[in-house]
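Thank you all for making the time this morning.

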Amino acid sequence: MHNETLRPESTPDELVNFRPLVPPVQRGLAKGTLVDKYGRRVTYVRLSITDRCDFRCTYCMAEEMTFLPRNAVMSLEECLRVARIFVGLGVNKLRITGGEPLVRKDALWLIERLGALPGLNNLVVTTNGSQLDRFARPLFAAGVKRINISLDTLRPERFRQITRIGDVHKVLNGIVAARAAGFRRTKLNVVMMRGTNDDEFIDLVQFALDNELDISFIEEMPLGDIHGRSQSYISADETRDRLAERFELLPSAEDSGGPARYWRIPGSATRVGFISPHSHNFCDNCNRVRITARGELYPCLGQNDAVSLMEVLRSGADDDALRQAIVGGMGIKPLGHDFTQQMEAPQVVRFMSMTGG
Ligand code: SAM
Ligand code: SF4
């Protein structure tokens, strides 16, 4: 005998034979797993906590941006609730991103609570570094394990051109502050742009070596209606060949379940990564989903399909309904993205700062 609801007066027999009224896909939920329809396990969430930023990087934002009104952005409590549910579903890695996450008022309030979530053993942050001199210590104390810092150039003038407003010295101070606070294996993210920063790749790797940092080179992605990118596109392979003329690069077996492949430089701890969504497609073992600041669950960075968690959150629904919406989102995770090397037209209409890089 099976029953599908329990009542206060349920008999012991009914309790023993209880089968919850849930669709088959959710039966695994109690075990804490999120699996998409291709059998890939999702264990990693990138959560954007704001679409705002104190920089306006040319590849990421338009010069004049209209940001979301405050009430269209998930509150920090809503972010925490969503994160808690994901962790309950087996997610063990969470990246806080944006926009610039550290410009969100009270971001630390959220990060401290996330750091204390049982089961979340890898809380990490991606930042432009501008606020790190103040935040590095409290982030470390909150349990953040690692920081990624975007740094496309070491040259002040060029930095200002790329970010339109930023001061590279603040970022460099932030890198020092991160180390002083206790962070190790901090990673630099470099977006590769021909004619803009490609003459600095060797200097940037040398900087990483000198400062015991990891470094990843990222192929620019066609996100947001900004500009044609085919002129500035550089493949990861081209950059790796150029770097190999100066540094010995040994392939590393490390796999983050993402579009990055890593190389080691012998005699150092530095790893050099190449994130190549265009030239190589590593979607087969993708383990991640993204949540935008307005509470949309994007199962793939390179596709436009999303599930609105915000609607569920603001409808007053309970945790089960939220869980159900998240599990439903796994059903629309595509096999892969459609980025191609034809970069003139944006294939994904939202900016990277919206989705969270
Ligand atoms: N503001 C933080 C930062 O800059 O690190 C976090 C958010 S930012 C959107 C995350 C990452 O996305 C950064 O490393 C940035 O360089 C990268 N990014 C932004 N737009 C991109 C694009 N069109 N193609 C490739 N990477 C991009
Ligand atoms: Fe801001 Fe990061 Fe986008 Fe640059 S890449 S504009 S720092 S969100």
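Let me begin with Asp106, which forms a salt bridge with Lys105 in this predicted model, the closest N and O atoms being 3.7 Å apart; by salt bridge I mean a side-chain nitrogen of Lys or Arg within 4 Å of a carboxyl oxygen of Asp or Glu. Asp106 is partly exposed at a relative accessible area of 47%, whereas Lys105 is exposed at 67%, where buried stands for under 20% relative accessible area, exposed for over 50%, and partly exposed for what falls in between, with a 1.4 Å probe and protein chains only. The structure holds 20 salt bridges.

Before going further, a word on conventions: residues are numbered from 1 along each chain as its sequence is written, while chains are lettered from A and ligands numbered from 1 in the order in which they are written. As the model is predicted, local features need pLDDT of at least 70 and side-chain atom pairs count only at pLDDT 80 or more, whereas totals for chains, interfaces and linings use all residues, and side-chain values use heavy atoms, with hydrogens and water left out.

A second pair is Arg271 with Glu254, whose closest N and O atoms are 1.8 Å apart. Arg271 is buried, with a relative accessible area of 2%, while Glu254 is partly exposed at 31%.

Within helix H10 (residues 319-330), Arg323 and Asp320 sit three residues apart, about one turn of the helix, and their side chains meet in a salt bridge of 2.6 Å, N to O. Both partners are partly exposed, Arg323 at 25% and Asp320 at 46%. Elsewhere, salt bridges that share partners join Arg146, Arg185, Asp214, Glu254 and Arg271 into one network.

Which residues surround ligand 2? They are Cys53, Phe55, Cys57, Cys60, Met61, Gly99 and Asn128, each with a heavy atom within 4 Å of the ligand. Of these, Asn128 lies in the loop between strand E3 (122-127) and helix H4 (132-141) and is buried at 7% relative accessibility. Its side chain makes a polar contact of 2.9 Å with that of Asp54, a polar contact being a pair of N or O atoms within 3.5 Å; within protein, one must be able to donate a hydrogen and the other to accept it, and residues adjacent in sequence count only if both atoms are side-chain atoms.

Turning to ligand 1, of the 19 residues around it, Tyr59, Gly99, Thr127, Ser150 and Met221 come nearest. A polar side-chain atom of Ser150 lies 2.6 Å from an oxygen atom of ligand 1, a polar side-chain atom of Glu100 lies 3.2 Å from a nitrogen atom of the ligand, and a polar backbone atom of Met221 is 2.8 Å from a nitrogen atom of ligand 1. Taken alone, ligand 1 exposes 540 Å², of which the protein buries 95%, these areas coming from the Shrake-Rupley method with a 1.4 Å probe; for residues, only the protein chains shown count as cover.

Notes: Helix = DSSP H or I, 4+ residues; strand = E, 2+ residues; numbered from the N terminus.
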